Each structure stands twice: as structure tokens, then as C-alpha cells.
Amino acid sequence: MLSGVLLFNQKGELLIMRAFRQDMRPRLADVFRIQVISNAQIRSPILTLGSTTFSHIRSENIYIVGVSKGNANSALVFEFLYKLVSLGKSYFGRFDEEAVKSNFVLVYELLDEILDFGYPQNTETETLKMYITTEGVKSERAMEDASKITMQATGALSWRKDNIKYRKNEAFVDVIEDVNLLVSASGTVLRADVNGQIEMKAYLSGTPECKFGLNDRLTLGENGTDPGNMTGKKAHRAAAGSVTLEDVSLHQCVKLSNFTNDRTISFIPPDGSFQLMTYRSTENVNLPFKVHAIVNEVGKSKVEYSIAIRANYGSKLFATNVVVRIPTPLNTANTSHRISQGKAKYEPSENAIVWKIARFTGQAEYVLSAEAELSAMTTQKAWSRPPLSMQFSLLMFTSSGLLVRYLKVFEKSNYSSVKWVRYMTRAGSYEIRF
Amino acid sequence: MAVNRLRSVLATPRKGETYELRAGLVSQYAWERKESIQKTIMSMTLGKDVSALFPDVLKNIATPDLDQKKLVYLYLMNYAKSHPDLCILAVNTFVQDSEDPNPLVRALAIRTMGCIRVDKMVDYMEEPLRKTLKDESPYVRKTAALCVAKLFDLNPSLCIENGFLETLQEMVGDSNPMVVANSVTALAEITEAAPETKALVVKSHSLKKLMLALNECTEWGRITILTTLADYRAVDAKEAEHICERVSPQFQHVNPSVVLAAVKAVFLHMQQIDNNQLHATYLKKMAPPLVTLVSSQPEVQYVALRNIDLLLQKQPGILEKEMRVFFCKYNDPPYLKLTKLEIMVRIANSSNVDQLLAELKEYAMEVDMDFVRKAVRAIGQVAIKIEECAEKAVNVLLELINTKVGYVVQEVIVVIKDIFRRYPGYEGIIPTLCQCIDDLDEPNARGSLIWIVGEYAEKISNADEILAGFVDGFSEEFVQTQLQILTAVVKLFLKKPDESQALVQKVLQAATAENDNPDIRDRAYVYWRLLSSDPQVAKNIVLSSRPQITSTIPVLPGPLLDSLIPNLSSLASVYQKPPQAFLGKGRSSALQAAAIEEARENARENPIAAAAVSAAVAGTSAPQGANHAENLLDIDFDGAAPASMQNAPMAGASGLEGLAGTPIAGTPARVASPAFGSTGAGGGMEDLMGVFGDSGAPAVVQSNGSNGMNDLMNGFGDMDVSGGHSAAPSGQSGGKQTKEDLLGLF
């Protein structure tokens with residue numbers, strides 16, 4: 001398995017080097033620097049030299065490298081590296097050069113704990129935070145807790161500690177959907193799908209058993225809708241039915257065998273926030289924005305744009321932080337634009353006109369018309385016409401039409417709990433070709 | 001360098017960083033000592049040699065502060081090798097710590113002891129390890145379990161003598177899932193290092209325990225268990241069914257590597273089940289999770305896509321309806337785009353092909369040259385695979401020719417040539433193709449166009465003019481193009497003898513008298529003799545009916561594919577090569593073995609090819625064939641030093657290296673990841689296949705073609721084969737020449 005983990009900054013300076021096996025030699029760091037960081041030709045994340053394999057990912061401004069010998073499990077290596085990044089983020093806020101440099105002791109400690117002899121061990125953030133902390137745990141204090149900690153770090157419920165108590169028992173459920181869209185130049189939708197995730201913040205006492213229900217077609221049966229749960233959710237114009245989830249992945253606290261049998265999602269949640277599930281949906285995707293783009297190349301010196309965007313959701317809702325990126329040719333010299341809403345600006349570094357609309361009310365339609373003047377070029381290379389892309393976030397709307405039907409909490413002491421549900425749709429890769 | 005370093009170790013500097021650190025390490029204040037330790041570790045990370053501080057750091061080992069202890073241990077692990085004697089001073093603390101009331105400390109001690117690779121340490125490890133393996137805390141037990149693997153690595157005999165392996169085997173039945181997982185991990189590691197120990201043997205009762213632990217342990221533990229389950233051979237179909245049933249819920253796990261491990265386990269065990277319906281159910285179940293993997297992080301996605309590519313070759317139908325998810329995003333990294341293209345072509349069928357063609361056309365307009373070429377090639381592959389769409393595909397290709405972008409046009413020509421080899425009736429587009437004759441500068445594209453001109457000479461009114469132009473510049477052409485010119489002119493002559501007699505003489509003259517290349521000379525002589533003996537026979541040979549090709553999509557040879565399936569989600573599956581092939585030594589021989597095996601398989605079905613293969617295997621052509629194979633591999637592997645070279649520095653690395661951190665010079669050969677090398681591994685394999693007789697597509701060609709040639713066999717027993725081949729140029733540039741050599745043996 002992993003022989004070692006290396007962290008480099010962008011310049012190729014070694015930030016962290018932790019060897020787990022004796023075949024991890026210091027010179028391997030140099031090899032990686034020479035072969036990958038200072039080699040612009042490298043386009044693959046995996047590089048095998050002799051019997052050594054370097055698998056690297058990038059996060060912010062650092063390289064995170066897993067070094068392995070032999071025929072290692074690649075999927076595991078990459079997944080582990082990403083886990084390391086997410087651990088780093090939850091410990092330091094962000095995982096970049098500065099964070100690593102100022103917390104290098106902690107990074108070593110973490111690595112020591114999550115990898116043993118190159119095999120990943122427990123990587124649950126909440127558990128690790130119990131005994132690896134920024135301020136350091138004193139042995140005396142840890143004495144009483146230590147056995148509990150270790151029980152938890154290895155137990156069947158490795159994600160939850162005992163004896164959690166809250167005065168007020170609350171659970172927050174956030175349904176966040178990333179809608180991906182690809183529209184061809186002729187206006188046909190090539191691809192529209194939704195990657196959704198359900199984030200949960202659980203502040204519940206004791207060891208609660210939760211049951212979670214969605215308007216998933218398979219749970220409801222082909223035509224079974226449950227009208228009792230539908231009332232009072234006007235956010236869901238499309239919710240008059242059920243959604244088909246292509247696939248779901250569940251947090252490890254969910255009892256997978258129950259899910260396979262009858263598609264009930266039952267679990268004992270970790271304390272605090274976690275991602276309960278992710279899902280994919282491809283049928284009946286409600287697209288929040290319709291984009292109509294006309295782009296004309298007038299001769300070799302000018303490109304004319306006319307972009308109209310229409311909000312396709314209820315007029316009571318509004319999207320925020322709408323950003324439209326309209327690509328311009330590389331040799332654009334100057335642009336001029338007229339817009340009906342928001343602000344537009346030409347960003348030479350991105351080769352795009354960036355149009356920002358802070359608040360986009362439902363059913364509204366905004367228009368941008370622009371002209372890009374091109375400077376003459378010696379080489380006439382055709383413009384590749386990258387797609388126009390959009391970013392936005394829209395509250396109380398789900399593109400898939402998914403909604404939470406219930407969240408039940410069962411606990412020995414039978415306390416009552418308050419549950420909150422919030423829906424949000426964001427742009428994943430929302431691209432329109434023209 | 002080394003001398004300098006040695007000196008700096010011996011002489012204690014009075015000033016400078018090391019001196020300051022030393023002062024801090026022996027300070028009377030605890031906080032100052034801790035800070036100095038941190039600084040020492042910092043310097044260690046930066047590659048500075050702080051081993052001189054060993055004794056001073058060691059003094060700080062006995063501390064109640066867990067953080068500080070960890071830091072000291074970290075330092076110890078790093079420099080233990082350079083100070084083996086001083087290490088013994090730490091033993092006491094380790095032994096003490098391994099009996100500490102705090103389980104975290106106990107685990108830390110045993111974990112670190114295993115990492116200090118000093119022989120003397122081993123003697124002291126025995127007792128603490130024995131105790132911790134039976135510790136009441138599962139946390140300590142799971143750490144100790146892995147420590148057995150560490151000890152085995154260091155001193156196998158000691159490990160076996162002390163019965164640690166047996167203890168470990170018992171621990172597979174532990175009540176704690178983490179302990180089970182780590183014990184399995186350790187046993188698997190030991191088995192891999194020393195198969196003769198038979199450390200990890202799964203029996204039906206331990207199987208039950210594994211499956212119980214599977215649902216409870218951490219994601220990483222699940223991977224271990226799933227991998228073990230995948231390697232296990234079920235005793236009967238019922239057991240296999242049971243395993244599939246218990247493993248398949250893991251498809252829903254959030255961690256992609258768990259999903260892949262589960263897919264692998266189910267896929268392997270499925271093959272033991274006879275029930276076809278069950279097969280279909282599991283394949284159906286596995287499709288959505290596989291698609292979900294495509295939305296994971298790019299690197300993970302890459303691994304997933306390469307695996308999907310493998311699975312599709314084994315089970316073509318599983319993702320039929322999911323074409324859209326494989327559409328490339330504009331900002332996908334190139335390695336993803338290329339892999340997605342391959343997959344899209346594989347899952348293309350008559351219902352989704354329109355969509356795919358529109359998408360491929362879009363890609364062909366992009367700017368990344370590699371990607372564009374692959375996209376054009378994909379259009380051709382789809383057209384050849386699916387008959388209904390051929391016309392649409394040809395129209396798309398014609399549109400692309402009109403873009404006048406050099407590399408697009410060239411690729412289109414090559415692709416269209418393949419389409420001609422598959423479908424009759426597209427001769428109408430030849431004039432369009434001929435218009436861009438001057439833009440072609442690549443041998444493959446030029447060769448393809450010339451082949452088309454020769455093949456359809458009777459339908460192209462100015463074929464002689466076109467070919468005359470090429471004949472004039474004959475000596476400046478690439479070898480590959482020269483061969484094509486030669487064949488095309490001969491075809492032209494046979495079709496229109498009156499107009500082109502002068503031309504054929506000119507080209508034969510040029511090829512025999514003025515050319516140094518033996519391949520070209522030989523071919524020219526063959527034609528010459530053929531033409532001068534009996535034109536009718538020559539016609540029968542050179543213009544014999546062309547067998548249709550069936551597919552241009554690269555496929556891995558069956559045995560290789562079968563050997564890769566158990567390697568799913570590992571590096572081998574990413575490279576799509578057996579592990580021996582890319583890990584240092586013997587990589588070419590492994591590939592050859594696979595190729596020969598494949599060729600043999602074909603031979604069983606195809607007696608004509610069998611002769612070629614047996615000749616190749618028997619070694620009559622071995623020197624040539626082998627050389628070519630090696631060269632081809634080198635091209636594929638970026639052609640740095642041969643494998644044996646870079647093994648030397650690796651194996652020869654002594655302890656000194658670890659001490660000093662001196663980089664040992666050595667240019668390791670690079671294994672380019674498949675998507676990275678533009679031709680890719682698939683191409684390489686194919687070329688290789690070409691080397692070893694006519695396996696794969698060419699073999700089919702031969703058997704089909706033999707019908708038309710039967711009558712000739714008598715008279716021109718030894719020449720007809722090569723004649724037939726020159727009439728149908730194979731798209732694989734590399735393999736071609738060799739193939740001809742091989743055939744020359746007849």
C-alpha cells in the first residue's frame with residue numbers, strides 16, 4: 001500500500017514528508033519534483049517509474065502525493081488523498097501551503113493516526129477531533145477519556161460518541177442540488193442531470209435512530225403519492241409526484257442492508273454536520289434558467305452577442321449570485337455591452353465577459369447585447385467557441401423535484417425533536433454552447 | 001558530499017542552528033524543549049540533517065505530553081537507522097509505554113516500535129507485541145495486528161517462531177470489526193510477501209465473520225475485506241450467490257473505492273453463478289453506481305473510467321442507456337476526455353448514435369489536437385461499428401474536411417479509408433478527398449489517400465495524374481507512403497493498362513534501382529515478376545476482392561482482459577496491463593506472453609493463421625519479431641532507459657542513502673499513463689498483436705480472403721498471402737512492416 005505521503009507547494013518545495021515503509025526514500029521527493037512539478041508535459045495524475053507509483057492531486061496551491069510500490073489500489077489512494085484534504089479543511093479551515101506550514105506538527109500527527117504501515121485507518125473527522133486537537137491533549141486529562149475514545153475509534157459506531165446531551169434537540173436537513181446542463185448550439189438539451197446531496201446537522205441527545213423518507217419513486221411505488229405530506233410546500237411546483245433517483249450513495253452510518261431490502265434510510269447519525277447521502281437524478285429535471293444565445297462572428301474583426309436569460313421558476317422565488325460567463329475570442333481588444341439588469345465587465349484574464357446579477361426574480365427575463373472588437377492577428381486560428389457558463393444559487397427549489405417527506409427520530413428517552421428542512425439548487429456545470 | 005556530511009556530524013558546532021536546537025532540547029523549561037523538538041522536526045522535513053541531535057531528542061522521550069511523545073517518536077523513526085545503538089536507549093520507554101494505562105499511549109508505542117527498523121529492536125518487540133495483541137482495547141489490538149506485518153517484513157522467521165501468524169489468524173474472528181479488518185490486511189500483506197506461509201486462507205466459517213465485519217467497519221476496512229472476498233474462490237454456486245448478495249449493498253457506499261471493490265467482488269463471484277437472470281440483476285444493479293463514479297473527483301473519476309472501460313469490454317451491455325453522462329465537459333482534464341471518448345464509442349448503439357455523432361462533431365471543432373484527432377477517429381469507429389449511421393458519419397466527416405484544419409483533414413482521410421474498407425458505395429466522395437491532396441503531410445494520411453486512389457482507380461478519371469504526381473516525388477516520401485504508391489500504381493496499371501504503362505515502369509524502376517529500403521525493393525520485385533509472367537494472375541492477386549473489416553475499436557486480448565478483471569481498481573486496471581508489465585522488470589516479456597497466448601487462441605479457430613503463429617512462436621522469426629516488440633514497447637513507454645537499468649539503483653540503494661538523503665542519479669524509464677501517450681496503450685498492444693502473426697482483426701481478414709484466393713494457392717502458394725495483404729493496408733502503421741516480414745517467411 002502507500003509507502004509515504006508527500007506534500008509540496010507550487011514551487012516544488014517539500015512541505016511534509018512522511019514515510020510509512022522503508023522503501024520510501026527521501027530522494028523520491030526529488031524524483032517527483034523533477035518528473036512532475038517541473039514537467040509541464042505531464043497530463044496524467046498517475047506516474048509509474050520503475051516499481052514506484054506517484055499518484056497526485058492538487059488542492060489550492062499544494063500538491064498532495066501518495067507514493068506506492070507495486071500494483072496498489074489506485075482508487076483507494078486517490079480517495080484517501082481527498083480524504084486527507086477534507087480532513088485538513090475541517091481542521092484548518094482551508095488546506096493550503098500556509099495552513100500546512102503553520103500546522104505541520106498537527107499534519108504529522110494526523111498522518112500518523114490515519115495511516116498505519118500505509119493502510120488507512122479511521123478517517124472520521126469527528127472522531128479524530130476528539131483526540132487530535134490544535135491545542136494538544138494532555139495525557140492526564142486524556143486518561144479518563146482515552147479508553148472511551150479508543151472504543152469509539154474502533155467500534156461499530158465509530159462516528160458517534162456516547163452520552164451526547166442537548167437541551168434542545170434539533171436536526172437540520174439541507175437538500176443541495178447541483179444541476180448540470182449542456183445545451184447544444186441548436187438549443188437541444190444534450191445533457192441535464194442533477195447531483196444532489198443531503199447535508200444534515202444533527203444536534204440530538206443519546207443514541208437516536210433516525211428514519212428518513214423522500215419522495216423517491218421506488219419507495220412510494222409507481223404511482224403512489226402521499227398527499228398528506230405534500231401540503232404546505234409551495235416551493236415544489238413540480239412535486240406533484242415522485243422523483244426517480246438513478247443512484248444514491250449513503251454515509252457509512254446508514255444501514256445499507258436495510259436500504260437494499262426496502263429502501264428505508266435508517267441510521268444513527270454522527271454528532272454535528274455530515275453528508276447523509278448523495279444522489280443522482282436524470283429524469284424530469286427542472287431547469288431554473290433558459291438561455292438563448294446568439295453569437296455572430298462578423299468578419300474577422302468583430303463578434304456580436306445577444307444573450308437572453310429567462311428565469312423558469314415561480315415569481316416568489318429569486319436566485320442570488322447569478323454569474324454568466326460569456327467567452328470572447330483570445331484576440332479581443334475591446335468590448336462594449338448593454339444590459340437590462342446587473343453589471344457586466346470584460347475580464348481579459350478569463351477571456352470572457354462576466355455578467356453578474358445579484359438577484360434574479362422568478363419569471364423575469366434579462367438581456368445582454370455586446371460586441372467584441374478583435375485585434376488583427378497574424379495567424380488565423382479558428383476560435384474554439386467555448387460554451388457559455390452560468391453560476392447561481394436558488395433557495396427553496398429543487399431541480400429534481402425531490403422533497404423530504406419525513407425525518408423521524410427514535411430515542412430511548414423519547415424526547416421530541418425539532419427538524420428543519422432547507423432546499424437549494426446551485427449550478428453545477430451549466431453550459432450552453434453557441 | 002558524504003564526507004562533508006560526516007564531518008558535520010562528528011564535529012559539534014558551537015554556533016548555528018543545530019547548536020541552538022541542542023540548547024533548546026536540553027533546556028530546563030518544558031515549553032522550550034517542546035518548541036525545539038518541533039523545530040527539529042521542521043528542519044528534518046526540509047531535508048536538513050538533524051541526526052546529530054539524536055541523543056538530545058531522545059532525552060525528551062519520557063514525557064507525559066502525548067504530542068511531544070509523538071514528535072519524538074517521529075524523529076526516532078526517521079533516524080533510528082543511523083543511530084542503531086542509541087535506539088536501544090529508547091527501548092525501555094517503549095516497553096513501559098506499551099503497558100501504560102492509556103490505550104492511546106500503548107498503541108502509539110507498539111506502532112512506533114514496528115517502524116523502527118533496527119535489528120536489536122526486534123528482540124525487544126516480542127513481549128510487548130504478544131501482550132498488545134491480546135490487549136483489552138480494540139484500538140491497541142488493531143494497531144498490534146498491523147505491527148505483526150511490520151515485524152514480518154523485518155524478520156519473518158522470528159514472526160513465525162513466535163506464533164504471531166496463528167494469533168493473527170485467530171484475530172480474524174475478533175468481535176471488533178476494525179480488528180478483523182486490520183488482521184486481514186496484515187495477513188494479506190504477509191501472504192503477498194511470502195505466499196508459502198499461507199497466512200491468509202479464507203474458509204467458509206471465516207467467510208461468515210468477514211461478511212459480518214463488512215457491514216460494520218470503516219470504509220477502508222471494507223475495501224480490505226471486499227478485496228479478500230474477491231480473491232476467495234467460492235466452493236459452489238450457492239456460496240457465490242450468497243457472497244454477491246451480501247456484498248451488493250456496498251454499491252451504495254459513498255466512497256468510490258469501496259464501490260469499485262464491491263463491483264469487483266460481485267463481478268468475479270457472479271461468474272460462478274449459472275442463473276442468467278441473477279447475472280442480469282447484478283449487472284443492472286451495478287450500472288447506476290458506476291455512473292455515479294463519473295461525477296466524483298477527476299482523479300478518482302479517471303480510475304473509475306478506466307475500470308468501466310474494462311468492464312465494458314467484458315460485459316458490453318451494462319451502460320447502454322447512459323451515454324450522456326460520458327459527454328466531455330469543456331474543462332475536463334485531457335486524460336478524462338480521452339478516456340470518455342473511448343467509453344462512448346464502446347457503448348454506442350443504433351439508438352444513441354445520432355446523439356453521439358453530433359457530440360463528436362462538436363469535439364472535433366475544439367482546439368486540443370490530441371483530443372480532436374481522437375474524436376475524428378471515434379467518428380470512424382462508430383461508423384464502422386454501426387451500419388445504420390455510416391452515411392451520417394460520412395457526412396459529418398465531409399463537413400470536417402471543409403474546415404480545412406490540417407490535422408483534422410488528415411485524420412478524416414485515415415478514417416474514411418477504414419470506412420471504405422467496411423462499406424461499399426461511398427465512392428462518390430472521392431473527388432472531395434482528392435481536393436485536399438496537397439494539405440496532407442503525415443505518412444499515414446498520405447498513404448491512406450493513395451490507397452483509396454489505387455483501390456478505386458477505375459472510378460477516378462484522373463487517377464493516373466494524381467499518382468504520377470506522387471511518383472515524381474517518390475524518393476522524398478516516407479517508407480510507408482512509398483509502399484502505398486507502389487501498390488496503388490500497380491493496381492492502376494492492372495485496371496487501366498493502356499494509360500499507365502510508363503508510370504508503372506517508372507515507379508518500379510525507382511523502387512528497385514534507386515531505393516535502399518529492402519521492404520520496398522522486395523515488394524517492387526514481386527510486382528515486377530508478377531506483372532511480367534501473367535497479367536491475369538497478377539490481377540487475381542493484386543485486385544482480389546477485399547475482405548471487410550469488422551471493427552476498428554481497440555480491444556484487449558481475451559486472456560489479458562481476464563487477468564485484468566481481478567485487478568479492478570488497481571494500477572493494473574488503469575494502465576490496462578498486467579502488473580508485471582509496468583512494474584520494473586520483465587514488462588515486455590509479459591506483454592509478449594499475453595500476445596502469444598491470444599495468437600494461439602486465434603489459431604485454434606483459424607488454421608491459416610496457426611501456421612504464421614507457430615512460425616513466430618517456434619522462433620524462426622523470433623529475432624525480428626522480438627526486436628520489434630521491444631521497440632514498440634519502448635515507444636510506448638517513452639523510450640528512456642531499459643527496465644533493467646533503473647532497477648539497479650533501486651535495489652542497490654543502501655542504508656547510506658536513507659541516512660544522507662543523497663539523490664542517486666538514474667534515469668528511470670517512465671511509464672506513461674495510457675491517456676497521456678497520444679497513441680496510448682491500446683495502440684501499442686495492437687501493434688504488438690500485428691507483430692505476432694495475424695491475430696485479432698487481420699486473422700479474420702485472412703480467413704475471409706482465402707475464399708477468393710483459393711485458386712491461386714496452387715500456383716503462387718508462397719506469394720499470394722503477401723499480395724493479398726498489400727492490397728489491404730492495415731491501419732496500424734507499426735505492425736505492418738513486421739507483419740510483412742513475417743509473411744515473407746512463407
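Let's start with one ion pair: Arg433(A) makes a salt bridge with Glu362(B), and their closest N and O atoms sit 3.9 Å apart. A salt bridge here is a side-chain nitrogen of Lys or Arg within 4 Å of a carboxyl oxygen of Asp or Glu. Between chain A and chain B the count is 8 salt bridges.

A word on ground rules: this is a predicted model, where local features need pLDDT of at least 70 and side-chain atom pairs count only at pLDDT 80 or more, while totals for chains, interfaces and linings use all residues. Residues are numbered from 1 along each chain as its sequence is written, chains are lettered from A in the order in which they are written, and side-chain values use heavy atoms, leaving out hydrogens and water.

Back to the two chains. Chain A puts 98 residues into the contact and chain B 107, contact meaning heavy atoms within 4.5 Å. About 9,100 Å² is buried between them, with carbon and sulfur atoms giving 57%; that is accessible area (1.4 Å probe) lost on putting the two parts together, summed over both.

Now look inside chain B. Helices are DSSP runs (H or I, at least four residues) numbered from the N terminus. H25(B) (residues 443-455) packs on H27(B) (residues 479-495) at about 5°, axes 8 Å apart; axes are lines fitted to C-alpha atoms over the stretch in contact, and angles run from 0 to 180 degrees between N-to-C directions. That makes the pair roughly parallel, the word for angles under 35 degrees. Among the residues that meet are Trp451(B) in H25(B) and Ile485(B) in H27(B).

Methods:
Helices (H or I, at least four residues) and strands (E, at least two) are DSSP runs, numbered from the N terminus. Angles under 35 degrees count as roughly parallel, over 145 as roughly antiparallel, 65 to 115 as roughly perpendicular and the rest as oblique.
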